[in-house]
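I opened this model to look up how its parts are arranged. These are my notes, in the order I took them.

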Amino acid sequence: MLRYFSFILSLFVIASCSKGVEPESYDPEGSTDTRTKEISYQVKRTWRMDNGSLSVSNDFVSSRLNDFVRQNDTLYTAVISPENGPINKSPWYAFSIWSEKERKITVELKYTDDYTHRYYPDLSHDMVNWTPIDSSDFVNDTTNQVTRMHLEIGPDTLFVAAQEIMTSQYVYNYLDSLSKIAGAQTKDIGYSTLGKPIRLLSAGNPASENVVVIIGRQHPPEATGFLALQAFVNDLMKNDSLAVSFRDEFQLIMVPMVNPDGVDMGHWRHNAGGIDLNRDWYSFNQPETSAIRDYLVSWVQENNKQILFAIDFHSTQEDLFYVFEEDRETNMTGFTHRWLDRIEQDLGDYEANRIPTSGNSPVSTRWFYDTFETEAVTYEVGDDSPRKRIERIGESAADALMELMLSK
Ligand SMILES: [Zn+2]
């Protein structure tokens with residue numbers, strides 16, 4: 001079924017290309033013009049209502065709440081706006097809410113400019129453990145465009161967010177923890193528009209010519225892509241014989257937080273320059289993408305490296321892989337397809353949904369191929385994919401990668 005769907009979709013993509021129509025259907029017009037655009041900065045504040053007994057706030061990192069309005073005793077509207085527009089329809093929201101007494105309220109999510117709901121709400125009291133809201137407490141009526149959630153609130157602050165919140169600091173801490181593993185080290189290769197580091201971790205054998213590159217978080221709300229990246233990387237960095245032999249043979253380069261400003265400002269899609277970074281891998285108008293390009297191009301030349309494989313983690317409605325055609329000549333021609341076959345074989349109950357990387361969209365994988373003849377893939381994880389399953393597939397994907405690359 002999935003295969004059939006991807007086949008139909010690929011026909012659509014090919015048909016659109018041949019007509020010269022922009023094939024990336026989710027992209028608003030003009031997204032490949034990556035010259036810096038203005039964004040509106042979210043005003044951080046706490047709304048107090050009902051004589052101060054109810055409070056709602058966006059005063060934390062990665063929040064997104066542009067207004068909060070009382071409709072009646074139990075119904076409130078949370079207004080959510082993008083950083084700028086036009087923009088891909090992925091409205092991120094994140095706010096905290098508490099009240100003096102235990103009570104039940106209904107919060108309606110209203111997206112400005114008729115953007116439609118995408119992310120099923122997650123709840124947390126500690127910003128560490130997140131649980132999807134109970135289905136009986138959530139309504140998304142797509143016909144009338146009404147999105148409502150019932151919340152039980154009290155003095156213990158409740159965080160409501162589009163996905164698990166994982167800020168840039170969270171990812172830098174993760175890189176720090178990995179840098180304690182033998183042979184690994186971090187390096188800041190540049191800075192975002194607002195001065196946050198573009199931090200790279202190098203691991204494995206630094207003398208090896210053969211390199212695997214891993215990147216992620218170009219698009220702020222795409223938390224499931226990052227969860228898959230973590231499962232994948234944790235497996236590559238394990239202390240077992242497979243991972244240790246792999247790291248003896250190859251070098252790993254990873255930049256898991258490409259868009260720290262966008263993530264920390266609770267953006268829907270863009271960086272602080274108002275741009276979709278995964279459309280800037282041709283023009284390189286933005287500092288985040290330029291930093292990675294400048295570093296990798298000179299590092300590869302100076303050290304005689306060969307980037308064999310590059311993988312870029314994202315999220316979308318369902319699990320899928322954007323792949324190049326199997327016979328495209330690369331440093332490891334056909335590898336991605338062999339790797340996906342192997343994952344399917346190892347998991348038994350899994351079909352890797354392969355979608356051809358479309359048209360000439362200036363995405364990272366295309367740049368890796370054009371510049372280094374790298375075999376490159378975009379790994380898209382479903383927004384609502386069960387978290388345990390994301391971990392299982394991520395690990396299996398790393399095992400398959402290591403086994404196949406070592407057997408070459
Ligand atoms: Zn993405």
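Which domains does the domain assignment of the protein give? I found domain 1 (10-16 + 166-406) and domain 2 (46-161). The bounds come from an automatic or database domain assignment.

Before going on I noted the conditions. This is a predicted model, in which local features need pLDDT of at least 70 and side-chain atom pairs count only at pLDDT 80 or more, while totals for chains, interfaces and linings use all residues. Residues are numbered from 1 along each chain as its sequence is written.

**Entry: the two domains**

I looked up the separation of the centres of domain 1 and domain 2, taken over C-alpha atoms, and got 32 Å. In the contact between them, 15 residues of domain 1 meet 16 residues of domain 2. Two residues are in contact here if their C-beta atoms, placed from the backbone, lie within 7 Å. On the side of domain 1 that touches domain 2, I noted five nonpolar, five polar and five charged residues. In this scheme Ala, Val, Leu, Ile, Met, Phe, Trp, Tyr, Cys and Pro count as nonpolar, Asp, Glu, Lys and Arg as charged, and the others, Gly among them, as polar.

Next I looked up the strands. Helices (H or I, at least four residues) and strands (E, at least two) are DSSP runs, numbered from the N terminus. Two strands pair if DSSP finds at least two bridges between them.

I found an open sheet of eight strands with mixed pairing, in the order β12-β13-β15-β14-β16-β19-β17-β18. Its edge strands, each pairing on one side only, are β12 (185-191) and β18 (354-356). Direction ignored, neighbouring strands of this sheet are turned by 25° against each other on average. Axes are lines fitted to C-alpha atoms, for helices over the stretch in contact, and angles run from 0 to 180 degrees between N-to-C directions.

Inside this sheet I checked β17 (residues 320-323) and β19 (residues 375-382), which pair in the antiparallel sense over three bridges. Phenylalanine 321 has tyrosine 379 as its bridge partner in β19. Helix α2 (residues 168-179) packs on the sheet and touches β12 and β13 (197-204). The direction of α2 makes about 25° with that of β13.

**Entry: the six-stranded sheet and another set of strands**

I also found an open sheet of six strands, antiparallel in its pairing, with the order β1-β2-β5-β11-β7-β8. The edge strands here are β1 (46-49) and β8 (131-132). Strands β5 (residues 94-99) and β11 (residues 158-161) are joined by four bridges in the antiparallel sense. Phenylalanine 95 is opposite valine 160 in β11.

Then I followed β6 (residues 103-111). It runs parallel to β4 (residues 75-80), with six bridges joining them. β6 also pairs with β10 (residues 146-153), in the antiparallel sense and over seven bridges. I looked up valine 107 in both pairings: it is the bridge partner of tyrosine 76, and its own partner in β10 is methionine 149.

**Entry: helices against α9**

Which helix axis comes within 8 Å of that of α9 (residues 387-406)? That of α3 (residues 223-236) does, and the two cross at roughly 45°. That makes α3 oblique to α9; angles under 35 degrees count as roughly parallel, over 145 as roughly antiparallel, 65 to 115 as roughly perpendicular and the rest as oblique. The crossing is right-handed, the term for a near helix turned clockwise from the far one by less than a right angle, with anticlockwise being left-handed. Among the residues making the contact are Leu227 and Phe232 of α3 and Ile390 and Met402 of α9. By class, the contact of α3 with α9 has ten nonpolar, two polar and five charged residues.

I then took α7 (residues 335-347), which packs with α9 at an angle of about 125°, the axes being 9 Å apart. α7 is therefore oblique to α9, and their crossing is right-handed. The contact includes Trp339 and Ile343 of α7 and Ala400 and Leu404 of α9. I noted eight nonpolar, one polar and four charged residues in the contact of α7 with α9.

Phe246 of α4 and Met405 of α9 are among the contact residues. The contact of α4 with α9 has six nonpolar, one polar and three charged residues.
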